Amino acid sequence: MDMKASPSSHYEHISHFLHDLAQPLAAVTGLVDLLLLELDEKDRIFKEVQLISQQLEEVLQIIGEIRRIAREAADQERKSRPPLQPPLS
């Protein structure tokens, strides 16, 4: 990340990285949920797989919340910047 970039640019990078992180987690969550559909509730690993699914969902919610915070911070940063002055001619 360029350290001279604006703070809102940093927030946008964070949001992008979180999106990239959420994609494979969402895929794994889907696969785990498919596995749950295949398992019988009496299966000895059903509860463990169910717990994995719940924890993955929680991680995705946390990522979504961090993305929301980053978006709001970027918006706030943009609003607080003074408007650009046109060049003197």
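**Entry 1: the core.** I began with the largest nonpolar core of this predicted model. I counted 11 residues in it: L18, A22, L25, V32, L36, L39, F46, V49, L56, L60 and I63. Helix 1 (7-38) and helix 2 (46-80) each give at least two residues to this core. I jotted down a reminder that nonpolar side chains tend to be buried together in soluble globular proteins.

**Entry 2: F46.** Which residues does F46 contact, apart from its neighbours within four places in sequence? I found L36, L39, D40 and E41. Of these, L36 and L39 belong to the largest nonpolar core, as F46 itself does.

**Entry 3: salt bridges.** Next I looked up the charged pairs, and the count came to four salt bridges. One of them joins E12 to R78, with the closest N and O atoms 2.6 Å apart. E12 sits in helix 1 and R78 in helix 2, so this pair ties together parts 66 residues apart in sequence.

Entry 4: Through shared partners, E12, D75 and R78 form one network. D75 and R78 are three residues apart in helix 2, about one helical turn. I noted D75 as partly exposed, at 34% relative accessibility.

**Entry 5: E65 and R68.** My last stop was the salt bridge between E65 and R68, where the closest N and O atoms are 2.4 Å apart. Both residues lie in helix 2, three residues apart, or about one turn. E65 is partly exposed at 38% relative accessibility, and R68 is partly exposed at 30%.

Conventions:
Residues numbered from 1 in each chain as written. Predicted model: local features only at pLDDT ≥ 70, side-chain atom pairs only at ≥ 80, totals over all residues. Heavy atoms only, no water. Core = buried A, V, L, I, M, F, W, Y, C linked by side-chain atoms within 4.5 Å. Buried < 20%, exposed > 50% of the residue type's maximum accessible area, 1.4 Å probe, protein only. Helix = DSSP H or I, 4+ residues; strand = E, 2+ residues; numbered from the N terminus. Contact = heavy atoms within 4.5 Å. Salt bridge = Lys/Arg side-chain N within 4 Å of Asp/Glu carboxyl O.
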